[in-house]
Amino acid sequence: MGARTSYKTKHRDEILEILQENEREHMTAGQILDELKARGVSIGVATIYRQLDRLVEEGAVNKYMVDAVTGACYEFRDGHEEKSAYVHGKCEKCGKVVHIERKAVETAMQGFSGGGFELDCTRTLFYGICEDCRRTK
Ligand SMILES: [Zn+2]
Ligand SMILES: [Zn+2]
């Protein structure tokens, strides 16, 4: 208890604050580390993972496995309250993870259930080119 506890809580709050400020974004532990360093916070990556695990357990943060290159990314939950209303897509140009409206995907996927296989849209990652990259083409 005492000083040690509040020290730990501080890191937790700092991580949560960063995710909150980037609530529509998806951040990897590495990106969070960079952001903390830029703010003059000295923290190890192991501590970040530990705190992130706690935040996921508490339900404040969502965790997604993106792919082998990106690894896991984290997002602030409140910015994603309708979790079932969207699916995740990864831009192959800039690597950004974006939200795609689930309805649009399901419409496109109709007929895919052939062979008795039902696609779990909430766990599927789609690849493509994001709006920003398409615009700057
Ligand atoms: Zn992009
Ligand atoms: Zn997301």
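Reader: Which arrangement do the four donor atoms around the zinc ion (ligand 1) make?

Author: The structure is a predicted model, in which local features need pLDDT of at least 70 and side-chain atom pairs count only at pLDDT 80 or more, while totals for chains, interfaces and linings use all residues. Residues are numbered from 1 along each chain as its sequence is written, chains are lettered from A and ligands numbered from 1 in the order in which they are written, and side-chain values use heavy atoms, with hydrogens and water left out. Because the four donor atoms around the zinc ion (ligand 1) subtend angles of 105 to 115°, their arrangement is tetrahedral.

Reader: Which residues coordinate the zinc ion (ligand 1)?

Author: Donors are N, O and S atoms within 2.8 Å of the metal (3.2 Å for Na, K and Ca), and sites may look incomplete since water is not among the atoms. Along the chain, the donors of this zinc ion (ligand 1) follow the spacing C-x2-C-x35-C-x2-C. At 2.3 Å, the zinc ion (ligand 1) is coordinated through the SG atoms of Cys 91, Cys 94, Cys 130 and Cys 133.

Reader: How many residues apart are Cys 91 and Cys 133, the pair that links distant parts of the chain?

Author: Cys 91 counts as buried, at 2% relative accessibility, and Cys 133 is buried as well, at 12% (buried means under 20% relative accessible area, exposed over 50%, partly exposed in between, with a 1.4 Å probe and protein chains only). Helices (H or I, at least four residues) and strands (E, at least two) are DSSP runs numbered from the N terminus. Cys 91 belongs to strand S3 (residues 86-91) and Cys 133 to helix H5, and the separation of the pair is 42 residues.

Reader: What is the arrangement of the four donor atoms around the zinc ion (ligand 2)?

Author: The zinc ion (ligand 2) is coordinated by His 26 (NE2), Glu 75 (OE), His 88 (NE2) and His 99 (NE2), at 1.8 to 2.1 Å, and these donor residues have the sequence spacing H-x48-E-x12-H-x10-H. Because the angles subtended by the four donor atoms run from 83 to 140°, the arrangement is irregular.

Reader: In which strands do His 88 and His 99 lie?

Author: His 88 is buried, with a relative accessible area of 6%, whereas His 99 is partly exposed, with 24%. The two residues are eleven apart and link distant parts of the chain, His 88 lying in strand S3 and His 99 in strand S4 (residues 97-101).

Reader: How many residues stand between S1 and S2 in their hairpin?

Author: Strand S1 (residues 61-67) runs antiparallel to S2, and six bridges join them, where two strands pair if DSSP finds at least two bridges between them. Asp 67 stands opposite Gly 71 in S2. Six of the six residues of S2 (residues 71-76) are buried, so this strand is largely enclosed by the rest of the structure. The number of residues between S1 and S2 in the hairpin is three.

Reader: About how far along helix H5 are Arg 135 and Glu 131 separated?

Author: Arg 135 and Glu 131 form a salt bridge, with their closest N and O atoms 3.0 Å apart (a salt bridge is a side-chain nitrogen of Lys or Arg within 4 Å of a carboxyl oxygen of Asp or Glu). Both residues are exposed. Because they are four residues apart in helix H5 (residues 131-135), their separation is about one helical turn.

Reader: Is Asp 132 partly exposed or buried?

Author: Asp 132 also meets Arg 135 in a salt bridge of 3.9 Å, N to O, and, being three residues apart in helix H5, these two are separated by about one helical turn. Arg 135 is exposed, with a relative accessible area of 60%. At 38% relative accessibility, Asp 132 counts as partly exposed.

Reader: How many salt bridges does the structure hold?

Author: One of them joins Glu 35 and Arg 39, whose closest N and O atoms are 3.3 Å apart; Glu 35 is partly exposed at 27% relative accessible area, and Arg 39 is partly exposed at 35%. The total number of salt bridges in the structure is eleven.

Reader: Which pattern does the protein chain follow along the sequence?

Author: The protein chain has 137 residues, of which buried residues make up 35%. Its secondary structure comes to five helices and five strands, and, read along the sequence, the pattern is α-α-α-β-β-β-β-α-β-α.

Methods. Tetrahedral: all angles 85-135°; square planar, octahedral: opposite > 155°, others 65-115°.
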